[in-house]
Protein chains: 2
Amino acid sequence: MTKDQALSLLAGKIEAGRALDMASALMYWDAVTLGVPEQSLSARGAAAGWLEGESFRRFIAPDTLEAVETLEALSDGLSERERAMVREMGRAYRKAKAVPPEEMQQFGALVAQAEPVWEKARETDDFALIQPYYEKIFDFKRRLCYWYGYQKHPYDALLDDYEKGADVEMLDGFFALLRERISPLVKMIGASGQKPREIAGTFPLDKQRELTPWLCAFVGYDTARGKVGEVQHPFCLTASRHDVRITTKYHAGDLLSSLYSVIHECGHALYEQNMDEELEGYGLAECASMGVHESQSRLYENMIGRSRPFAGILLPKLRELFGGFADWDEDALYRAVNIARPSLIRIEADELTYCLHIIVRYELEKDILTGAAQVKDLPGLWADKYEELLGLRPPSAAKGVLQDVHWSGGMVGYFPSYAVGNAYGAQLMHAMRKTVDVDGAAGRGDLSPVNAWLRENVHRHGAMNEPEELLRRATGEAFNPSYYADYLSEKFTALYR
Amino acid sequence: MTKDQALSLLAGKIEAGRALDMASALMYWDAVTLGVPEQSLSARGAAAGWLEGESFRRFIAPDTLEAVETLEALSDGLSERERAMVREMGRAYRKAKAVPPEEMQQFGALVAQAEPVWEKARETDDFALIQPYYEKIFDFKRRLCYWYGYQKHPYDALLDDYEKGADVEMLDGFFALLRERISPLVKMIGASGQKPREIAGTFPLDKQRELTPWLCAFVGYDTARGKVGEVQHPFCLTASRHDVRITTKYHAGDLLSSLYSVIHECGHALYEQNMDEELEGYGLAECASMGVHESQSRLYENMIGRSRPFAGILLPKLRELFGGFADWDEDALYRAVNIARPSLIRIEADELTYCLHIIVRYELEKDILTGAAQVKDLPGLWADKYEELLGLRPPSAAKGVLQDVHWSGGMVGYFPSYAVGNAYGAQLMHAMRKTVDVDGAAGRGDLSPVNAWLRENVHRHGAMNEPEELLRRATGEAFNPSYYADYLSEKFTALYR
């Protein structure tokens, strides 16, 4: 195979993948935003399965490897983008090929069965229902570590699926630092006796719907190259660079839920919209990692959306839309959106305690993989760790070990990306502040300098660089979680001192 | 190739085609009902093109023919469905293969260029703009007749693309009958001096939106296995047997526009929803022809929706929703929805004069194909024929020869299906009336006996039988357009006598 043949073959595969992915994305959007006739689910599932399978079949065909190897052999004669394409396709190909096809198929069937069982287990608070599925899923994951291979710790093999470059050594250090720095803050807050005023009341959905475009404009998410849908569980979806959609869910009794979910999804959407379009032809218009994606959503949601300057422009907007808020001042609003309080449910956790929820999951996943813990003991171990880290013991498995869909969805090694994303975000923010007046921008309601910095240093590069290299280029140093610990420490000490 | 191999190969192709078609359908729905970011059009077009191309590439691969020939050779050992599948796939394969691929590609590019030019020509009333495109398109169609082959008349080859079994011999007879029977009716109406009262006023869109579900329920279109969208140009779209969607467009000043467009699309949707699900695996859950599809929409729209019994249940509903209508009675409403009046625009034509518009197009297409007429002379020829058939001369090409998208869309031979559909519908209705009290059903607002008859005799069979065989089985005789001529004659003589 010549270089040109190899490049053209991979380009064809990437084009096919883009078409199939766009079709899958838009079919998914159709289903979750518009609802789908109950009786059409089976035909739709079959079609969605075929499209996804076709994408995989094309990728896993032997000529992909032949092209990758052809190009690897002449790496010096390739452009930077071509090299990155070969690196990413080679990695993905070899990982996919490492798993025996019949095992992969069985695992797919197992996961398809497990998800509804998990829902039932959570509804009926019955861990025993899902236990055998978790056991089989973790068994498969243990074999997966073996098939993938690893240098030091089996968990490293799984982490790489979600967070390239992350391993147990790095995460042990990261989470030890967070334990050490967050726990005293949580204790300090508990001891402070402070009870910031909370936002309460009813907030009409039509007014909340009016707030959303204002929030999108604030973040800089271009709704003319996307749109906003309403769903049960908000997400961001990419049909193409110029069609990146977000979703939200409005709750009349909870103003902040949709407000921060919109800012969060706008952060994701901005990353997707700002990737260089030319990267698409190389299959590199993708996030560098789940953690990098999450760093963008959380940077906008927490570091900007929950900042004191933003409270200054949010308060008049809330007064205009909802009336009331006459007896609020900007400081009170700032405190109200930053109430920190240990809780049992990860997705409802505040900025400060969020990573403690992740530590619980990280430690349990690692121990189960190595055999240091057993699936059957998960409910008790989970409760113990919550008591240790958050000072609360779940009253039930439903409010404990059964709260997340990830394991029944076959995702082991995913949780750490959420925490790593927070730390990436803080490190990026620290570097950005050297040249950008972030507070001034947030206070003026014009984030263009922030967005320009992130576009140039993060967004536009897509998957050109792995997270570590991306961080090094953007911030001048390797991953350094102390920026995140410092940020939390300063912010919450000031809030609750 | 063994029989089992051949069947399994075709089943795989059909499954792939269904998945790709569903994806294309839902992407189209997404675009037209929700709107699409302007800048995303190019990526979306590329993906849609890839999906459609992939569907064709899979179908046209040589193993399709090998499987078809394997099964043709042992036709006796096949089930009825397998035989129909082989017949349809063989026909489509050989037609597709008859066209040199580079010619097909050039034609695709030509049509893609022609459509925007046609829009501009119509806007600026400048036939010269589109003339060279029409010339190339008709040139291609002439070569297509040669590639397809034909027995008697070149036009026969093109008609078969839309209306299996229809040919010039049949259509010449059909249209001669319509000329002979409709023209006197049009003259009689003109001479009668009658001016039925017209529905005028403003009809709030939200009330029109409330009318739609009532209309869907009346026809029997199951919205739980579909949904209704709003678009510029209404259509019916099938994602799967259990997800058949219709669309409409509301006009505040024109109550009847959306009302009859909804009934029309419901007729299409009912056909799609009622096809036997088992036919899907054979690629036979398709309409028998464009004409048969149109027969269903027009049967519901005109023969039931514009019937005297329906006026009896429509009037109270209109009173309830819109107020007013106090000084209307059922007869006046029946007359108002059946106003017949020669006009220049096909898609706005009434039931009586509609087919005259088709005759103009049929005669012109036929003459251009044989060389008896030239593209450059179309505007004048068009105007002459309108004057002859409808007594009106278009004041411009925009209101004449430029009104239809079909030719610039590369569709020559399509128009006759609209007229044939009307005649199929009348023949089916005549047969149905032998056992079904159609008027009673329409007057009670319960069409279930009508729907049951059509499901059993038409809908459930999909593409199992060609139109002629379908008609023969359903009505006991071959295509007989005199039922349609009789129906028009009786209806409009009574209305205007």
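## Contacts and overall form of chain A

Among chain A contacts between residues at least 6 apart in sequence, 73% join residues at least 24 apart. The model is predicted. Chain A holds 20 helices and 3 strands.

What does the radius of gyration of chain A agree with? A compact globule of 497 residues would have a value near 23 Å, and chain A has 23 Å, so the two agree. Along the principal axes, the C-alpha atoms of chain A fill a box of roughly 70 × 50 × 50 Å.

Of the 497 residues in chain A, 56% count as buried. The chain exposes about 20,400 Å². Carbon and sulfur atoms supply 50% of that area.

Chain A carries 56 positive and 74 negative side chains. The centres of these two sets lie 2 Å apart.

## The A–B interface

The size of an interface is often given as the accessible area lost when the parts come together. Chain A and chain B bury about 2,600 Å² between them. Of this area, 65% is on carbon and sulfur atoms. On the chain A side, Pro37(A), Gln39(A) and Trp50(A) lose the most area to chain B. Together they account for 20% of what that side buries. The contact takes 30 residues from chain A and 30 residues from chain B.

Asp243(A) has contacts in both chains. This residue is found in strand E3 of chain A, which covers residues 243-248. Is Asp243(A) buried or exposed? Its relative accessible area is 1%, under the 20% cut-off, so Asp243(A) is buried. Leaving aside neighbours within four places in sequence, Asp243(A) is in contact with Arg225(A), Gly226(A), Leu237(A) and Thr238(A) in chain A. From chain B, Pro37(B), Ser40(B) and Arg44(B) are in contact with Asp243(A).

## A covered helix in chain B

Helix H7 of chain B spans residues 154-162 and is mostly covered. How many of its 9 residues are buried? The count is 7. They are Pro154(B), Tyr155(B), Asp156(B), Ala157(B), Leu158(B), Leu159(B) and Tyr162(B).

What covers the buried residues of H7(B)? The cover includes helices H4 (80-98), H6 (127-148) and H8 (168-192) of chain B. It also includes helices H11 (290-304), H14 and H16 (415-432) of chain B.

With a relative accessible area of 41%, Gly371(B) is partly exposed. Gly371(B) and Arg142(B) are 229 residues apart in sequence. In space, their C-alpha atoms are 9.6 Å apart.

Phe325(A) has a relative accessible area of 8%, so it counts as buried. At 36% relative accessibility, Asp125(B) counts as partly exposed.

Definitions and conventions
Residues numbered from 1 in each chain as written. Chains lettered and ligands numbered in written order. Predicted model: local features only at pLDDT ≥ 70, side-chain atom pairs only at ≥ 80, totals over all residues. Heavy atoms only, no water. Helix = DSSP H or I, 4+ residues; strand = E, 2+ residues; numbered from the N terminus. Rg over C-alpha atoms; globule rule 2.2 N^0.38 Å. Buried < 20%, exposed > 50% of the residue type's maximum accessible area, 1.4 Å probe, protein only. Contact = heavy atoms within 4.5 Å. Areas by Shrake-Rupley, 256 points an atom, 1.4 Å probe, with all protein chains shown as cover. Lys, Arg positive; Asp, Glu negative; His and termini not counted. Charge placed at Lys NZ, Arg CZ, Asp CG, Glu CD. Buried area = accessible area lost by both parts, 1.4 Å probe.
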